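Please read the following note alongside the model. It sets out points on the fold, the backbone and the ligand site in turn.

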Amino acid sequence: MKKAINFLLFLLLPWLSMAQQFVANYDEAKVPAYTLPDPLIFNDGTPVTNKKEWEKRRGEIYHIFEKEVFGVVPEWKGSMKSVVVSQRKDALNGLAKRKEVRLELINGNRKIAVMVLIYLPQNSKDAPVFLSYNFDGNHTTTVEPDVLLPDSWVSNNKELGISDNRATEKGRGAAISRWPIKEIVTRGFGVATVYYGDVDPDFNDGFKNGVHEFFDAKRDSSSWGSIATWAWGLSRVMDYLETDKDINAQKVIVMGHSRLGKTSLWAGASDQRFAMTIANNSGSCGAAISRRKFGETVGRINTAFPHWFCDNFKKYNEKEELMPVDQHELLALIAPRPVYVASAAEDLWADPKGEFLSCVYASPVYQLLGLKGFPAKDMPALNTPVMGSIAYHIRPGKHDVTLYDWNCYMDFAALYFKMKK
Ligand code: GCU
């Protein structure tokens, strides 16, 4: 017994000591001086002066994010089948059409299922649709009793020690404060949501489960981590949406919160079919400038979540100044398509100021492309959204997604898609 405890301590100590050593900086005066890489300067030092050159430079930046941060997606040789498993014309008391579609990803005799829950306004043909992962199962986003429960890892894995039964009936509607579907549909938008664990379970198991099991490629230091996997999953959902006659695939907005906000940024950068990207409280390695080392740092995120990024990224633990990119360039990769970054005042872990500054520093790329860019230099007051080609707001309160956030995203999308009030 004593031997077993000692062995356990031996395994845990390096992690515990790292976790203990880490003290987040929340003092603006202690933010180090830094110089950001310039998105409008090629790796060889020459400036980018026009749209055509930007396309080339964009490739350089994308390649660095792939190789050094999120990891490279291996070649996909499988196929996908979609099956509509339920359909209702009278969802939400007649306000919406609803369907559940099972995407079956198949590679030889291996198969996984990804369930997409879709709510659309009755007159949906031209409605922009928010595509967004949820954290705990599609049934947590709605109180409707017949939406299916997930059958992937939340319910049948113990790795995270989940004990609140959220994958069961008990979880139905548990996340509705983050999913104001009625309000969204009433304003003429649709929602497509997917439980992110269907695509890749969020724990460090050496990449043996989720869609990873499809890819036989040998892993190396630039192989994809879970965030890249989730972003890839959003592209597969987009493949389906393009075939759905009720949906205008030109108007799909990819939106995500927190780790799933980091994911939406990478999905928006990787797949230009997404018309708009929204990152809610995405923080470290999402929208926040890494070189500020404010709140969660690269070292801390790589220690707590070693499976989110590629192994190369670990080189920059506590050495953010050596990163060949920073997060304003992740936003720039989304240009010319609009992008919205949102912070919460109490969410210092995510570094609201760093999230704001990324918008400022990504702006020159949009401007080079003849667009408005980001029309602010100073942090706006609370609840005062700034909207150009890049939009930003900070609201009071905690790390969360609120109706206020959604209302801002809908205002921004309504402006961009020129929707009637
Ligand atoms: C942790 C993590 C963040 C992440 C968040 C979330 O707090 O440190 O980087 O954004 O979880 O996804 O909820």
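The numbered points below begin with the basis of the model and end with its backbone geometry.

1. Basis. The model is predicted: local features require pLDDT of at least 70, side-chain atom pairs count only at pLDDT 80 or more, and totals for chains, interfaces and linings use all residues. Residues are numbered from 1 along each chain as its sequence is written, and side-chain values use heavy atoms, with hydrogens and water left out.

2. Sheet. An open sheet is formed by 10 strands in the order β1-β2-β3-β5-β4-β6-β7-β8-β10-β9, with mixed pairing. The edges are held by β1 (79-90) and β9 (386-387), each of which has a single partner strand, so one side of each lacks a neighbour in the sheet. Helices (H or I, at least four residues) and strands (E, at least two) are DSSP runs, numbered from the N terminus; two strands are said to pair if DSSP finds at least two bridges between them.

3. Strand β2 (residues 96-107) pairs with β1 in the antiparallel sense over nine bridges. Arginine 88 has arginine 98 of β2 as its bridge partner, and valine 84 is bridged to valine 101, also in β2. On to strand β3 (residues 110-121), β2 runs antiparallel with 12 bridges; here leucine 103 has valine 114 of β3 as its bridge partner. The hairpin of β2 and β3 has two residues between the strands, and glycine 108 takes a positive phi near 60 degrees in it. β2 is mostly covered, with 10 of its 12 residues buried, where buried means under 20% relative accessible area, exposed over 50%, and partly exposed in between (1.4 Å probe, protein chains only).

4. Lysine 89. This residue belongs to strand β1. Lysine 89 counts as exposed because its relative accessible area is 69%. Apart from neighbours within four places in sequence, lysine 89 contacts Ala96, Lys97 and Gln122; contact means heavy atoms within 4.5 Å. Its C-alpha atom is separated by 56 Å from that of proline 32, which is 57 residues away along the chain.

5. Helices on the sheet. Helix α7 (residues 259-270) lies across β4 (129-134), β6 (252-257), β7 (276-280) and β8, at about 150 degrees to β6. Helix α10 (residues 352-368) also packs on the sheet, where it touches β8 and β10 (390-395), and its direction makes about 165 degrees with that of β10. For these angles, axes are lines fitted to C-alpha atoms, for helices over the stretch in contact, and angles run from 0 to 180 degrees between N-to-C directions.

6. Ligand site. Which residues are around the ligand? They are Ser258, Arg259, Lys262, Glu296, Ile301, Phe305, Trp308, Trp349 and His399, a residue being near a molecule if one of its heavy atoms lies within 4 Å of it. The side chain of serine 258 has an N or O atom 2.7 Å from an oxygen atom of the ligand. For lysine 262, the corresponding separation between a side-chain N or O atom and a ligand oxygen atom is 2.9 Å. Tryptophan 349 places a polar side-chain atom 2.9 Å from an oxygen atom of the ligand.

7. Cis peptide bond. Alanine 335 and proline 336 are joined by a cis peptide bond, with omega about 5 degrees. Proline 336 lies in the loop between α9 (327-332) and β8 (339-344), and alanine 335 is placed in the loop between α9 and β8. Alanine 335 counts as buried because its relative accessibility is 2%. Leaving aside neighbours within four places in sequence, alanine 335 is in contact with Arg58, Val365, Tyr366 and Leu369. The C-alpha atoms of alanine 335 and valine 365 are 7.2 Å apart, although 30 residues separate them along the chain.

8. Positive phi values. Most residues other than glycine have a negative phi, and most peptide bonds are trans. Leucine 92 has a positive phi near 45 degrees and sits in helix α3 (residues 91-94). Lysine 418 has a positive phi near 50 degrees and is found in the segment after α11 (403-416). Lysine 418 is exposed because its relative accessible area is 72%.

9. Helix α11. This helix has 14 residues and reaches 20 Å from its first C-alpha to its last, close to the 20 Å expected at 1.5 Å a residue; the expected span is 1.5 Å times one less than the number of residues. Buried residues in α11 include Trp406, Tyr409, Met410 and Phe412.

Methods:
A polar contact is a pair of N or O atoms within 3.5 Å; within protein, one must be able to donate a hydrogen and the other to accept it, and residues adjacent in sequence count only if both atoms are side-chain atoms.
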